[in-house]
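I opened this structure to look up a few things and note them down. These are my entries.

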Amino acid sequence: MEHRDTIAAVATGSGGAIAVIRLSGPDAAAIAGGVFAAASGRPLEGERGYTLHYGAIRDEAGSTVDDVVVALYRAPRSYTGEDMVEISCHASPYIKSEIMRLLGSHGARQAGPGEFTVRAFLAGKMDLAQAEAVADMIAAEGRAAHALASNQLRGSYSDAFGTLRAQLLELVSLLELELDFGEEDVEFADRSRLQQTMEAIGTRIAGLGRSFRLGNTIRGGVPVAIAGRPNVGKSTLLNTLLGDDRAMVSDIAGTTRDVIEDTVNLDGVTFRFIDTAGIRRTDDVLEGMGIERTFDRIARAAVVLYLVDPTETGVTSRGAAGNSIEKPVGTAGTEQAAGAGRKDTMPDAAMIAETVGELGLREEQQCAIVVNKADRVTDADALARWADELKQFSGREVIVLSARQGMNIGGLIRFLVGTVETEKVYSGDPIVANTRHHEALTRAGEALARAQAGLRDGLAGDLLAQDIRQVLHHLGEITGEITTDDVLGEIFSKFCVGK
Ligand code: GDP
């Protein structure tokens, strides 16, 4: 660690007026000082930490490249734990590359992705979960994802694992103490207490494991599918939801997104409208994509909005699951609403409910029937009755709105936001949001189950202790007590350069 080289990178993205170039390593001050002429005339290397210096970056010929401000940090009190320098310069691509070139010629090496954070981790400034949170923090698009990353970065998330590890260590040490007494057949670890503690730990591990669904959807965005027959207004609704907040998401550190998706931030939560290109080309939904792809799209969604058009008439059933067409019958299929008149003749609620049932949604998938084009229905009472019937037949929430007129879009937004338990995030509960953590947690749970079974079967203390050590091992992978270069390489390769 003592002999590490000094790394440099542009820490800011493209655009903006000011850019920051950072250096970290034993020679940070000397290298920066080699290209920087302070207005004070004093060499940077001799300055104290936590000071700012105004001056110019000069090239080999002595010409000024830019006027800059240099911040100096001294080891160990810096992000990386090493000496660090941050040069604030003007954000021209030429200036940035020229300063980087000059720093390179004075001995700095271009930093790899996440290399500053790797150093922070290796210096014990943060654990692995916290280091990963740095990338999530940068990628967070909304308040909820930010809160998740922020909890993880501040260490409250790691604390949850620290507590579990401490409890497990206590169990192991009691069991191992018995081994020291070998022949004497003593039991320091009261087996029924052991059982209870393991059960409590198992419950905790399982709870954390379950939190992954929430964490993962918040971190990656909640996948929403808008389904429904052609012309019910799916793309109109999507455009209304996107409004000014239309965003194209490309690849973001720590997440894999191979398709460009429409995302929208609603009340701090990012929603991703999955495969919306397909949804938009409604002709293809029936012809090209086929039912299978429609179902696949729906299966990947956490939330399904099934759109219906109350004014749709003159269609007959095709009988195909998911794409079956509701048969129009007299208003809401009942006589009472017969006075509603020609215009307000609505499709059969029971058939729509059946179609929704045929979508094959899993229990954890949320679904609402969205009655669109409410503005086209003149009889509001008839519409309300029909919506009620839909609700009764389907057992789903029914939201009546007009995508084109922007009527009751708020109701839909409330439903969407309500599908995500954001309170848990904002209250700082530890929530697993990272696939790597979830996998380690799953393995920890399995090892614990083995230990519990062993305990029931009267397994010897040393073997029990081995199983519990396995649990500790897997929990340690999460926060990085246990790690390998491969794991580190994999994690930090997804970081941006300069972080
Ligand atoms: P999709 O095939 O399901 O994507 O449907 P579109 O969004 O293309 O809409 C089909 C037609 O319905 C278009 O002419 C829209 O303007 C119209 N439409 C969509 N939403 C509404 C609405 O809320 N009210 C009215 N009156 N028309 C709508």
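**Entry 1: the model.** I am working with a predicted model.

**Entry 2: around the ligand.** I first asked which residues come nearest to the ligand. Of the 16 residues around the ligand, the nearest are Asn231, Lys234, Ser235, Thr236 and Asp375. I then sorted the shell by class and noted 6 charged, 7 polar and 3 nonpolar residues. Helix H8, residues 234-242, gives the largest share of this shell, with 3 residues.

**Entry 3: polar atoms at the ligand.** A nitrogen atom of the ligand is 2.8 Å from a polar side-chain atom of Asp375. For Ser402, a side-chain N or O atom lies 2.8 Å from an oxygen atom of the ligand. At Gly233 the backbone takes part: one of its N or O atoms is 3.0 Å from a ligand oxygen. I also looked up how much of the ligand the protein covers. On its own the ligand has 580 Å² of accessible area, and the protein covers 81% of that.

**Entry 4: the sheet.** I traced an open sheet of 7 strands with mixed pairing, in the order E3-E4-E5-E6-E2-E1-E7. Which strands stand at the edges? They are E3 (36-38) and E7 (109-110); each has a single partner strand, so one side of each has no neighbour in the sheet. Further in, I checked the pair E4 (residues 51-58) and E5 (residues 64-73), which run antiparallel and are joined by 8 bridges. Tyr54 has Val69 in E5 as its bridge partner.

**Entry 5: helices on the sheet.** I followed helix H1 (residues 28-35), which lies across E2 (18-24), E3, E4, E5 and E6 (84-90). H1 runs at about 80 degrees to E3. Helix H3 (residues 115-122) also packs on the sheet, where H3 touches E1 (7-10), E2, E6 and E7. The direction of H3 makes about 135 degrees with that of E1.

**Entry 6: backbone details.** I kept a general rule in mind here: most peptide bonds are trans, and most residues other than glycine have a negative phi. The peptide bond from Ala75 to Pro76 is cis, with omega near 0 degrees. I placed Pro76 in the loop between E5 and E6. Asn231 has a positive phi, near 75 degrees, and is not a glycine. I found Asn231 in the loop between E8 (222-227) and H8. Asn231 was already in my notes, as one of the residues that come nearest to the ligand.

Conventions: Residues are numbered from 1 along each chain as its sequence is written. This is a predicted model: local features need pLDDT of at least 70, side-chain atom pairs count only at pLDDT 80 or more; totals for chains, interfaces and linings use all residues. Side-chain values use heavy atoms; hydrogens and water are left out. A residue is near a molecule or strand if one of its heavy atoms lies within 4 Å of it. A polar contact is a pair of N or O atoms within 3.5 Å; within protein, one must be able to donate a hydrogen and the other to accept it, and residues adjacent in sequence count only if both atoms are side-chain atoms. Accessible areas come from the Shrake-Rupley method with a 1.4 Å probe; for residues, only the protein chains shown count as cover. Helices (H or I, at least four residues) and strands (E, at least two) are DSSP runs, numbered from the N terminus. Ala, Val, Leu, Ile, Met, Phe, Trp, Tyr, Cys and Pro count as nonpolar, Asp, Glu, Lys and Arg as charged, and the others, Gly among them, as polar. Two strands pair if DSSP finds at least two bridges between them. Contact means heavy atoms within 4.5 Å. Axes are lines fitted to C-alpha atoms, for helices over the stretch in contact, and angles run from 0 to 180 degrees between N-to-C directions.
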